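The sequence and the structure are shown first.

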Amino acid sequence: QSHRFTSGALAPITYILFQFVIVNLSLGVFNLIPIPPLDGSWVLAAALGDRARIFFEQIGRFGFLILILLSSSGILGRIMGPILNPLYSFVLRVLFA
């Protein structure tokens with residue numbers, strides 16, 4: 001199914017605003033991944049208690065390395081894809097309903 005943005009003078013502005021929404025959704029979902037230093041690790045640690053907090057503090061120094069490895073191996077995309085795709089579909093349905 002093809003989605004069309006507004007034609008005319010507002011087309012570039014509509015497209016840029018749509019891209020801002022997509023980037024914000026992507027960053028929000030990415031930030032909730034439970035790997036330090038991302039916020040998802042602290043949300044999960046608060047929900048699970050002290051043992052989880054201690055675990056996340058211990059692996060925190062390796063968080064960026066873990067994220068780089070997940071990203072370069074494609075695993076990060078497989079984690080985020082099933083979450084982001086329905087969100088993107090929802091945004092497109094709302095905008096083009």
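In this predicted model, helix 4 and helix 5 are roughly perpendicular to each other. Their axes cross at roughly 80 degrees and come within 4 Å. Helix 4, which spans residues 63-73, contributes Leu 70, Ser 71 and Ser 73 to the contact, and helix 5 contributes Ile 75, Leu 76 and Arg 78. Sorted by class, the residues of this contact are three nonpolar, two polar and one charged.

**Helix pairs**

The table lists the crossing angle and the axis separation for the helix pairs described in this report.

| Helix pair | Angle | Axes |
|---|---|---|
| Helix 4 and helix 5 | roughly 80 degrees | within 4 Å |
| Helix 2 and helix 3 | about 150 degrees | 6 Å apart |
| Helix 1 and helix 5 | roughly 145 degrees | within 10 Å |

Helix 5 (residues 75-95) also packs with helix 1 (residues 11-31), the axes crossing at roughly 145 degrees. This crossing is right-handed. On the side of helix 1, the contact is formed by Phe 18, Val 21, Ile 22, Leu 25, Ser 26, Val 29 and Phe 30; from helix 5 come Leu 76, Met 80, Ile 83, Leu 84, Leu 87, Tyr 88, Val 91, Leu 92 and Leu 95. The contact of helix 1 with helix 5 has 15 nonpolar residues, one polar residue and no charged residues.

Helix 2 covers residues 39-48 and helix 3 covers residues 50-59. The angle between them is about 150 degrees, and the two helices are therefore roughly antiparallel to each other. Ser 41, Trp 42, Leu 44, Ala 45 and Leu 48 of helix 2 face Asp 50, Ala 52, Arg 53, Phe 56 and Glu 57 of helix 3 in this contact. Its composition is six nonpolar, one polar and three charged residues.

**Two buried serines**

Ser 26 belongs to helix 1. Its relative accessible area is 18%, so Ser 26 is buried, the cut-off being under 20%. The Ser 26 side chain reaches the backbone oxygen of Ile 22 at 2.9 Å. Apart from neighbours within four places in sequence, Ser 26 is in contact with Met 80, Leu 84 and Tyr 88.

Ser 41 lies in helix 2. With a relative accessibility of 0%, Ser 41 likewise counts as buried. Beyond its neighbours within four places in sequence, Ser 41 is in contact with Ile 33, Pro 34, Ile 35, Pro 36 and Phe 56. Both Ser 41 and Phe 56 take part in the contact of helix 2 with helix 3.

**The loop between helix 1 and helix 2**

Pro 36 is located in the loop between helix 1 and helix 2, and Pro 37 is found in that loop as well. A cis peptide bond joins Pro 36 and Pro 37, with omega at about 10 degrees. Pro 36 is buried, having a relative accessible area of 1%. Setting aside neighbours within four places in sequence, the contacts of Pro 36 are Ser 41, Trp 42, Phe 56, Ile 59, Gly 60, Gly 63 and Phe 64. How far apart are Pro 36 and Arg 93 in sequence and in space? They are separated by 57 residues in sequence and by 34 Å from C-alpha to C-alpha.

Terms used: Residues numbered from 1 in each chain as written. Predicted model: local features only at pLDDT ≥ 70, side-chain atom pairs only at ≥ 80, totals over all residues. Heavy atoms only, no water. Axes fitted to C-alpha atoms, helices over the stretch in contact; angles between N-to-C directions. Parallel < 35°, antiparallel > 145°, perpendicular 65-115°, else oblique. Contact = heavy atoms within 4.5 Å. Nonpolar A, V, L, I, M, F, W, Y, C, P; charged D, E, K, R; others polar. Left-handed = near helix turned anticlockwise from the far one by under 90°. Buried < 20%, exposed > 50% of the residue type's maximum accessible area, 1.4 Å probe, protein only. Polar contact = N/O pair within 3.5 Å; in protein donor to acceptor, adjacent residues only side chain to side chain.
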